[in-house]
Amino acid sequence: MTGSSVRPPAYQLLADELRADITSGRLQPGERLPPEPELCVKTGVSRSTVREALRLLASQHLIVTTRGVTGGSFVAHPDAEKLSEGLTTGFTMLTNSNGVGLADLLELRRALEVPAAGLAAVRRDEHQLLEIRGALFDPEIDDFDTKLAAHTAFHMAVAKATMNPLFELVARPLYHAKFGEDVTENLPAGYWEQIDADHRLLLDCLMIRDADGATLAAARHLDYLATAVR
């Protein structure tokens with residue numbers, strides 16, 4: 001008896017077909033998908049199968065469904081926060097595995113953050129400067145969780161200030177991945193004071209649109225992290 005691959009369920013096949021239409025651009029953000037009865041006729045599957053396929057696409061943030069006379073399923077507008085949720089889970093799993101270490105993560109951060117800092121210095125607007133400044137923390141007063149959250153918010157705001165949404169999409173899982181306690185429980189003395197100083201230096205460069213200074217500040221920040229967090 002020869003082996004054969006298991007055919008995916010009908011709802012998965014329909015979801016794959018609709019996903020291809022969305023990711024290829026054949027269906028544009030905001031565009032309405034065909035109504036459920038039309039999808040049933042077109043694909044030859046039951047209404048419950050169509051609904052299961054639509055639920056799957058909604059869970060992947062590819063469509064949104066509304067009720068009422070003007071309701072239906074519409075192609076979602078891309079949202080970096082929602083799209084990166086799956087990436088964040090993957091980053092967390094990898095960084096807590098034996099195959100990927102903190103050095104690998106910092107290497108990726110360097111490839112992303114250093115050019116992003118230069119772009120942010122050139123492209124940022126006043127609103128983004130306020131957002132970056134608002135992510136500063138007080139190393140003497142704030143507790144650990146506050147400082148950790150502020151550190152994430154600061155780097156996310158810099159990525160956003162590049163005006164390139166792809167930076168924000170890729171950066172979000174980097175800064176929101178969860179690490180093992182061994183990464184943060186033995187931080188050296190003066191760690192948060194140095195992080196604060198690094199952030200303030202980078203902000204100063206962004207304020208005066210000093211792209212070279214910003215990239216250097218970002219690189220030195222990562223140099224410090226590489227030696228301080230092991």
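Which elements each supply at least two residues of the lining of the second largest pocket? They are α2 (36-43), α3 (47-59), β1 (63-66) and β2 (72-75). Helices here are DSSP runs of H or I with at least four residues, strands are runs of E with at least two, and both are numbered from the N terminus.

## About the model

This is a predicted model, in which local features need pLDDT of at least 70, side-chain atom pairs count only at pLDDT 80 or more, and totals for chains, interfaces and linings use all residues. Residues are numbered from 1 along each chain as its sequence is written, and side-chain values use heavy atoms, with hydrogens and water left out.

## The chain as a whole

Let's start with the overall layout. The chain has 12 helices and 2 strands, arranged along the sequence as α-α-α-β-β-α-α-α-α-α-α-α-α-α. Of its 230 residues, 39% are buried (under 20% relative accessible area, with exposed over 50% and partly exposed in between, using a 1.4 Å probe and protein chains only).

The accessible surface comes to about 13,200 Å², and carbon and sulfur atoms hold 56% of that; the areas come from the Shrake-Rupley method with a 1.4 Å probe, and for residues only the protein chains shown count as cover. Among contacts (heavy atoms within 4.5 Å) with a separation of 6 or more, 74% are between residues 24 or more positions apart.

## The second largest pocket

Back to the opening question. The second largest pocket holds about 350 Å³ of space and has 17 lining residues, with Glu36, Leu54, Thr65, Gly72 and Ser73 nearest its centre. Helix α3 gives the largest share of this lining, 5 residues.

A word on terms: on a 1 Å grid over the protein atoms alone, a pocket is an open set of points with protein on both sides within 12 Å along at least five of seven lines, a cavity is a set where a 1.4 Å probe fits but cannot get out, and lining residues have an atom within 4 Å of a point. Grid points are joined across faces, edges and corners, and a volume is the space filled by probe spheres set on the points.

## The cavity

The count comes to 1 cavity of 30 Å³ or more, and the largest cavity has about 120 Å³ of space. It is lined by 15 residues, and Glu113, His155, Val158, Tyr175 and Leu202 are the closest to its centre. Two or more lining residues come from each of α6, α8, α9 (165-176), α11 and α12 (211-228), with α6 giving the largest share, 4 residues.

## Phe137 and its aromatic partners

The structure holds 4 aromatic pairs (Phe, Tyr or Trp rings, taking the six-membered ring of Trp, with centres within 6.5 Å; planes under 30 degrees apart are stacked, over 60 edge-to-face and the rest tilted). Phe137 and Trp192 make an edge-to-face pair, 5.6 Å centre to centre with 85° between the planes. Phe137 sits in the loop between α7 and α8 (144-160) and Trp192 in helix α11 (residues 191-207), so this pair ties together parts 55 residues apart in sequence.

Phe137 counts as buried because its relative accessibility is 3%, and Trp192 is buried at 9%. Ring pairs join Phe137, Phe144, Tyr191, Trp192 and Tyr224 into a cluster. Beyond its neighbours within four places in sequence, Phe137 has contacts that include Ile195, His199 and Arg200.

## Arg124

Arg124 lies in the loop between α6 (102-123) and α7 (126-133). Its relative accessibility is 5%, so Arg124 counts as buried. The Arg124 side chain reaches the backbone oxygen of Met207 at 2.9 Å. Setting aside neighbours within four places in sequence, Arg124 is in contact with Leu129, Ala161, Leu206, Met207 and Arg209.

Notes. A polar contact is a pair of N or O atoms within 3.5 Å; within protein, one must be able to donate a hydrogen and the other to accept it, and residues adjacent in sequence count only if both atoms are side-chain atoms.
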